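The model comes up first.

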Amino acid sequence: MWYIRYMDNPLEKILSAKFYITPAGNEPVLDWLKGLSKEDRKTIGNDIRTVELGWPIGMPVCRKLEGYSGLREVRSEISDGCIARIIFYINGNEMILLHGFIKKTQKTPKNEIDLAVKRKKEHEKHE
């Protein structure tokens, strides 16, 4: 049970978040985060940390993207009523942060997921 494991050592991460790096050496999720306010970055960072410390964890912080093998999303409510999502996948004991975006519709847009799928394949190819 994750709760017991978390409470035994509250500073021990179960997963470590890592930014996806493009073949050109860019970190698109980090670049996206840098464009957000400090308050929003802190909110998203806290949600990522919750996943790192509490894995496996579900709603409301994290959920599986149905129909997309291994993809999950960190769900963050940020300022001005906006909703941020970071799509990631688990690779060993790491959560690879593939894509971040501000959600503007109820359903996650297919193009946002497609980009994460592309990055996941690229990452797996170079692992």
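Which ring does the charged end of Lys 120 sit over? I found Tyr 89, with the charged end 5.2 Å from the ring centre. The rule I used wants NZ of Lys or CZ of Arg within 6 Å of the ring centre and within 35 degrees of the ring normal.

I noted the ground rules next. This is a predicted model, where local features need pLDDT of at least 70, side-chain atom pairs count only at pLDDT 80 or more, and totals for chains, interfaces and linings use all residues. Residues are numbered from 1 along each chain as its sequence is written, and side-chain values use heavy atoms, with hydrogens and water left out.

Then I looked up aromatic pairs. Rings of Phe, Tyr and Trp (its six-membered ring) pair if their centres lie within 6.5 Å; planes under 30 degrees apart are stacked, over 60 edge-to-face, the rest tilted. I counted one aromatic pair. The ring centres of Trp 55 and Phe 88 are 6.4 Å apart and the planes stand at 75°, so I logged the pair as edge-to-face. Trp 55 is in the loop between α3 (38-54) and β2 (62-64), and Phe 88 is in strand β4 (residues 83-91), so the pair ties together parts 33 residues apart in sequence. Helices (H or I, at least four residues) and strands (E, at least two) are DSSP runs, numbered from the N terminus.

I checked burial too. Buried means under 20% relative accessible area (1.4 Å probe, protein chains only). Trp 55 is buried at 14%, and Phe 88 is buried at 0%.

Last, I turned to Val 51 in helix α3. Val 51 is buried, at 0%. Leaving out residues up to four places away in sequence, Val 51 touches several residues, including Leu 15, Val 74 and Phe 88. Contact means heavy atoms within 4.5 Å.

How values were computed. Buried means under 20% relative accessible area, exposed over 50%, partly exposed in between (1.4 Å probe, protein chains only).
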